[in-house]
Amino acid sequence: MANKRPPASRRAENARLKAERFRAEQRRRERNRRVMIVSSVSTFVVGAVALSVAFWPSGSGTAKAASPPAASATLAPAGQLTGAPVDGIQSGAMEQLAFHIHAHLQIYVNGQQKQLPYGIGIERPYQMTTDADGNPFAEGGKAIYWLHTHDQSGIIHMEAPIQVGFTLGEFFDMWGQPLTTSEVGPAHGQLTAFVNGKTVSGDPRTIALNAHDVIQLDVGSVVPFQSYTFPAGL
């Protein structure tokens, strides 16, 4: 016996349910399509912003130099001192704080930053400790000169019983290293010197060390001047 067709009312109901399922499936597909578009746009925008930050300064069409790599090993260790005056700069058993200022020195050799050693201007044996980050810190020694470093941060300490003027050449003499237009310690090459962002020429030994001066010496390839913020209290 042939199957009977369902009544018209049932056929209409089935058609309505089928249409609703079709529309629901269409809505689901549309939501998925929108999610994929938003995800793709977000990925593109994030990538574009990252490239812009890495290579282009805000509001400019010129390429921005990449940040220099982190500092590597020290250029040369601190020289051995005897407590005798160096370039007329004296030492004592304790730091003299009547005159107390700081400068910062950063050195790059063919684009690679080199750390200053701790203990420049401090006669061994050092009284060693560590800073808050666990880095070596020379608190003092048998004698400490008016011009010295405590750590590898590049901060030069100038502490004397009277106001005194110091130069970069005197600091290198205290370090026991040469400084010329083609020689910075054991590194050899054309020297480009910056003081507070400005290029300076002539004998680098004559560069004065003033309060909060930021000095940058580039040996070989030139690294754009890198600013420095002194820690609070210095």
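A: Begin with burial: a residue under 20% relative accessible area is buried, one over 50% is exposed, and one in between is partly exposed. The model shown here is predicted. Phe 225 has a relative accessibility of 26%, so it counts as partly exposed. Phe 194, at 9%, counts as buried.

Q: How many residues does the protein chain have, and what percentage of them is buried?
A: The protein chain has 234 residues, and buried residues make up 32% of them. Its accessible surface comes to about 13900 Å². Carbon and sulfur atoms account for 56% of that surface.

Q: Which residues of the largest nonpolar core touch the most other members?
A: The largest one here has 37 residues, and Leu 105, Ile 107, Phe 171, Phe 172 and Leu 217 touch the most other members. At least two residues of this core come from each of S3, strand S10 (155-160), helix H2 (168-175), strand S15 (191-195) and strand S18 (214-219). The largest contribution is that of S3, with 6 residues.

Q: What is Phe 171 in contact with, its neighbours within four places in sequence left aside?
A: Phe 171 is in contact with Leu 105, Leu 116, Ile 120, Leu 147, Thr 149, Ile 156 and Leu 209. Its relative accessibility is 0%, so Phe 171 counts as buried.

Q: How many aromatic pairs does a search of the whole structure find?
A: The search finds 6 aromatic pairs. Each is read from a centre distance and an angle between planes. Phe 171 and Phe 172 form an edge-to-face pair, at 6.2 Å centre to centre with 80 degrees between the planes. A tilted pair is formed by Phe 194 and Phe 225, with 6.1 Å centre to centre and 50 degrees between the planes. Because Phe 194 lies in strand S15 and Phe 225 in the segment after S18, this pair ties together parts that are 31 residues apart in sequence. Ring pairs also link Phe 171, Phe 172 and Trp 175 into a cluster.

Q: How is a sheet read, and in which order do S12, S13 and S14 lie?
A: Strands of a sheet pair through backbone hydrogen bonds, either parallel or antiparallel. In this case 3 strands form an open sheet in the order S12-S13-S14, and the pairing is antiparallel. Strand S12 (179-180) and strand S14 (187-188) are the edge strands, each pairing on one side only.

Q: Over how many bridges do S13 and S14 pair?
A: Strand S13, residues 183-184, pairs with S14 in the antiparallel sense over 2 bridges. The bridge partner of Val 184 in S14 is Ala 187.

Conventions. Residues numbered from 1 in each chain as written. Predicted model: local features only at pLDDT ≥ 70, side-chain atom pairs only at ≥ 80, totals over all residues. Heavy atoms only, no water. Buried < 20%, exposed > 50% of the residue type's maximum accessible area, 1.4 Å probe, protein only. Areas by Shrake-Rupley, 256 points an atom, 1.4 Å probe, with all protein chains shown as cover. Core = buried A, V, L, I, M, F, W, Y, C linked by side-chain atoms within 4.5 Å. Helix = DSSP H or I, 4+ residues; strand = E, 2+ residues; numbered from the N terminus. Contact = heavy atoms within 4.5 Å. Phe/Tyr/Trp six-rings, centres within 6.5 Å; stacked < 30°, edge-to-face > 60°. Pairing = 2+ DSSP bridges.
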